[in-house]
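Below is a short exchange of questions and answers about one structure, meant to be read with the sequence and the model in view.

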Amino acid sequence: MEFGKQTRASIPSAVALRRRSVLAASLATVAALWSGRGYAVAPQHPATDWPLGLDPAWCFPDRAAAARMGQLILDTVPGHVLAPLPGRPRWPRILTSSAERKRMTELVSRKVRLDFSDGKTVTVDGWVLALTEARLCASLARNS
Amino acid sequence: MALALKDSGLKIVLLESGGDSYDDAMQDLYKGRLAGIPTEPLDVTRLRYFGGTTNHWSGWCRPLEPVDFETAHPWPFDRAHLDRYYEKAAAICELGPARFDALEFWQGQKGGEALKALATNPDKLTTAVFQISPPTHFGERYADALAAAANVTVLLDASVLSLTPAADSDANQRRKAIAGVAARTADGRRFAVNGRVVVVATGGLETPRLLLQSTAVHPAGAGNEHDLVGRYFQDHPWIARSAYISFTRPDTNLPLYFQENSLPGATIFGTLASTPKARALHDIGGFRIWLAPSNRSQLGLDSARQLADAASEGRLPDGLWNHIGNIFGDLDQLADRGYRAAFGSKDSPFVDPPKPDDPIVGAWVDLNFEQTPNPESRVSLDQSAGAVDAFGQRRIVLDWRMENRDRRTASRALALLAEEVGRLGIGRMQLLEGATELDKRWPARLTGSRHHMGTARMANDPALGVTDANGRVHSTENLYVCGSALFPTSGYANPTLTIVALALRQAEHLAERLTKQG
């Protein structure tokens with residue numbers, strides 16, 4: 001898959017993402033993993049390097065903000081950049097222990113850092129997001 | 001240069017067009033026309049009195065990078081050759097030791113302990129430390145030293161109109177010579193000053209103007225046999241507020257990058273800058289990025305918008321109490337925004353200017369970058385009717401141009417910063433208006449940095465540059481150019497320190513040459 005290096009899209013200012021939304025929807029991803037909600041864990045998808053069991057809905061403390069951002073991403077970022085989006089978990093196992101949550105936290109955090117490091121970003125309303133967090137939000141919007 | 005030659009035994013006459021202070025009539029001589037990318041008016045970007053443009057210099061100093069000397073437009077020497085001149089130049093500019101990027105050195109100074117650099121990927125971004133001069137206003141600072149130099153005569157109100165050819169020099173000769181200069185006072189008295197050598201040190205705009213007006217030396221202008229005088233004009237394009245970084249943690253402080261840091265004997269300021277590897281990988285020029293801290297919280301405004309959005313959809317937003325808390329916390333910001341929107345005012349009674357102890361919630365990103373030398377970016381004489389100054393001299397037209405590579409430099413610089421901000425977990429970056437379309441058009445707020453360079457550039461080959469490695473005009477035996485007009489490339493550093501270093505190097509060359517000749 002060829003990721004869009006700095007794929008850009010312009011959207012009407014009326015639906016522009018707010019800083020609060022972006023921070024809530026993206027920066028809080030990792031923090032949310034510690035928030036005591038349930039998490040699923042599974043091996044990574046061989047094609048997408050994506051943890052299959054991770055339901056994006058569980059990652060965001062502010063699901064509405066994440067979903068709004070996700071919808072904008074779906075509307076403006078070419079589909080091939082995001083595809084294949086992670087779907088709902090096929091065989092989720094609820095993460096209950098802090099060790100498992102820590103592992104998932106590190107996994108997502110590392111993936112986001114790697115995206116930035118590799119230049120795998122998408123730009124929506126000027127915000128430069130890691131592909132992973134963009135996919136999380138887009139998936140949430142698609143499935144909500 | 002004159003001071004560096006004060007013990008050489010050479011007799012030096014320094015001609016200054018202006019007086020010892022600002023004068024509207026003299027400043028008017030600097031007016032000209034802009035034909036290319038809009039930038040500041042030409043009589044605003046420089047000053048025409050003793051000490052010249054250093055009279056409004058901001059004082060930022062840093063040497064050029066080694067890579068700046070080795071591009072497709074090479075300098076005739078490498079950076080290492082200039083190192084010892086940079087050390088002397090630092091003293092003249094009243095800086096601390098010329099140890100710009102030795103951060104551990106600055107951290108070891110009293111008050112420097114907190115100056116931590118971001119752990120950026122050295123393939124993408126690096127921390128480039130600038131030193132800030134007091135700033136040194138050269139005329140004021142060195143007037144007494146010049147007055148005390150027995151071999152230096154300073155003439156104020158002496159505007160040079162043109163260069164005059166030597167009696168035995170012919171425009172068709174391959175190697176020409178000049179006798180001196182024709183000059184005048186403000187009240188119209190004309191006079192000539194002759195010398196064994198003439199050094200034109202009038203900046204990146206006035207240098208080509210003077211050379212092009214000197215048609216008695218050559219019909220196309222002194223040194224213009226290859227139609228190069230005035231070409232390759234460069235400035236440092238500057239896009240203020242090109243992006244905004246929202247910090248993950250609401251009180252992120254990066255003092256190295258956020259402020260002038262006064263240490264014993266020096267003041268330093270950190271920027272994020274290009275690396276040689278990134279430049280080569282992406283085929284881009286150099287750049288540096290300022291981070292300006294922002295302590296205006298956006299939380300209340302954003303929460304209010306989200307509440308309004310949710311209400312319009314007939315639902316309650318997630319984290320309702322958090323939103324309400326944000327709004328109460330930022331009521332003053334909301335009132336400020338409402339007042340300014342309602343009354344079209346820039347200020348409001350609800351918000352005081354930011355205080356130093358307000359928490360820092362983000363940073364504005366100012367981008368300053370190197371443009372590719374471009375022969376179509378040029379200074380020429382304005383041939384329009386009436387385009388003459390009070391002395392009857394043709395004014396100039398500045399046709400400032402950039403090319404696709406420069407768009408790439410600007411957009412990659414911001415992309416690299418966004419990637420590093422995300423990778424380091426500092427926050428997320430938003431490209432602001434205009435910065436999202438750098439590949440199509442320049443934002444309206446792009447301007448220059450008052451750094452006029454390249455218009456009489458050095459090159460070993462006369463077909464590629466007006467001047468040689470010593471700044472001597474290739475075609476003229478005894479005519480030199482001093483200053484940023486000599487720069488083949490411009491890097492991302494402010495030019496003054498390099499201008500001074502080059503002047504010191506040229507002074508050495510002239511002392512040796514003229515002393516040998518006896």
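Two strands are taken to pair if DSSP finds at least two bridges between them. The model discussed here is a predicted one.

Q: How many bridges join β6(B) to strand β7 of chain B?
A: Strand β7 covers residues 178–184 of chain B, and β6(B) and β7 run antiparallel. The number of bridges joining β6(B) to β7 is six.

Q: Why does B:Asp468 count as buried?
A: B:Asp468 is found in the loop between β17 (427–431) and β18 (479–481) of chain B. Leaving aside neighbours within four places in sequence, B:Asp468 is in contact with B:Met458, B:Ala459 and B:His474. Buried means under 20% relative accessible area, and B:Asp468 therefore counts as buried at a relative accessibility of 13%.

Q: What is the volume of the largest cavity?
A: A search of the whole structure finds three cavities of 30 Å³ or more. The largest cavity is lined by residues including B:Phe233, B:Asp235, B:Arg450 and B:His452, and its lining divides into three nonpolar, three polar and two charged residues. The volume of the largest cavity is about 40 Å³.

Definitions and conventions. Residues numbered from 1 in each chain as written. Chains lettered and ligands numbered in written order. Predicted model: local features only at pLDDT ≥ 70, side-chain atom pairs only at ≥ 80, totals over all residues. Heavy atoms only, no water. 1 Å grid on protein atoms, 1.4 Å probe; cavity = no way out; pocket = protein on both sides within 12 Å on 5 of 7 lines; lining within 4 Å. Points joined across faces, edges and corners; volume = space filled by probe spheres on them. Nonpolar A, V, L, I, M, F, W, Y, C, P; charged D, E, K, R; others polar. Helix = DSSP H or I, 4+ residues; strand = E, 2+ residues; numbered from the N terminus. Buried < 20%, exposed > 50% of the residue type's maximum accessible area, 1.4 Å probe, protein only. Contact = heavy atoms within 4.5 Å.
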